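Subject: Handing over the structure, with notes

Dear colleague,

I am passing this structure on to you, and I would be glad if you could look through it alongside the notes below. They begin with the core and then turn to the salt bridges and the surface.

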Amino acid sequence: MNFQSESMDFLFEAILTLKTKNECYQFFEDLCTVKELQSMAQRMEVAKMLRKKKTYAEIAKKTGASTVTISRVNRILNYGNDSLSQALDDIL
């Protein structure tokens with residue numbers, strides 16, 4: 001999927017200026033809805049648990065994610081462009 005555009009470039013340039021976790025909280029709270037942030041955080045938690053070889057049932061119970069979401073994140077980890085995997089490697 002290619003969603004590159006000037007507006008996406010502008011968004012990512014803004015994100016790249018953030019230096020602290022507090023700046024990230026403030027920026028994303030201003031830009032995103034609570035639901036959008038919760039969804040992104042949930043996907044990251046799912047990815048972390050998949051990396052730790054947790055079952056779909058364990059992940060669904062802990063995160064509240066649907067099996068569709070878990071499957072999607074798993075597919076990204078296995079067949080995506082490796083950016084999510086790299087981020088997990090960097091923080092885990």
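A nonpolar core, as the term is used here, is a set of buried Ala, Val, Leu, Ile, Met, Phe, Trp, Tyr and Cys residues joined through side-chain atoms within 4.5 Å. Buried means under 20% relative accessible area, exposed means over 50%, and partly exposed covers what lies in between, with a 1.4 Å probe and protein chains only. Please keep in mind that this is a predicted model, in which local features need pLDDT of at least 70 and side-chain atom pairs count only at pLDDT 80 or more, while totals for chains, interfaces and linings use all residues. Residues are numbered from 1 along each chain as its sequence is written, and side-chain values use heavy atoms, with hydrogens and water left out.

The largest nonpolar core has eleven residues in all, namely Val-46, Ala-47, Met-49, Leu-50, Ile-59, Ala-65, Ile-70, Val-73, Leu-77, Leu-84 and Leu-88. Two or more residues of this core come from each of the helices α3 (34–51), α5 (67–79) and α6, where helices (H or I, at least four residues) and strands (E, at least two) are DSSP runs numbered from the N terminus. Helix α3 gives the largest share of the core, four residues.

Ala-60 counts as partly exposed, because its relative accessibility is 24%. From Ala-60 to Thr-17 the C-alpha to C-alpha distance is 34 Å, and the two are 43 residues apart in sequence.

The structure also holds three salt bridges, a salt bridge being a side-chain nitrogen of Lys or Arg within 4 Å of a carboxyl oxygen of Asp or Glu. Glu-45 pairs with Lys-48, with the closest N and O atoms 3.3 Å apart, and both residues lie in helix α3, three residues apart, or about one turn of the helix. Glu-45 also forms a salt bridge with Lys-62, where the closest N and O atoms are 3.0 Å apart. Lys-62 lies in helix α4 and Glu-45 in helix α3, so this pair ties together parts that are 17 residues apart in sequence. As for accessibility, Glu-45 is partly exposed at 21% and Lys-48 is partly exposed at 28%, whereas Lys-62 is exposed at 57%.

The side chains of Asp-89 and Arg-51 meet in another salt bridge, at 2.8 Å from N to O. This pair links distant parts of the chain, with Asp-89 in helix α6 and Arg-51 in helix α3, 38 residues apart. Asp-89 is partly exposed, with a relative accessible area of 44%, and Arg-51 is partly exposed at 31%.

Finally, Ile-91 is found in helix α6 (residues 83–91) and counts as exposed because its relative accessibility is 61%. Together with Met-44 and Leu-92, Ile-91 makes a nonpolar surface patch of about 300 Å². Patches are made of residues with over 30% relative accessible area and no salt bridge, like charges being joined within 9 Å and nonpolar side chains (Val, Leu, Ile, Met, Phe, Trp, Tyr) within 5 Å. Accessible areas come from the Shrake-Rupley method with a 1.4 Å probe, and for residues only the protein chains shown count as cover.

With kind regards
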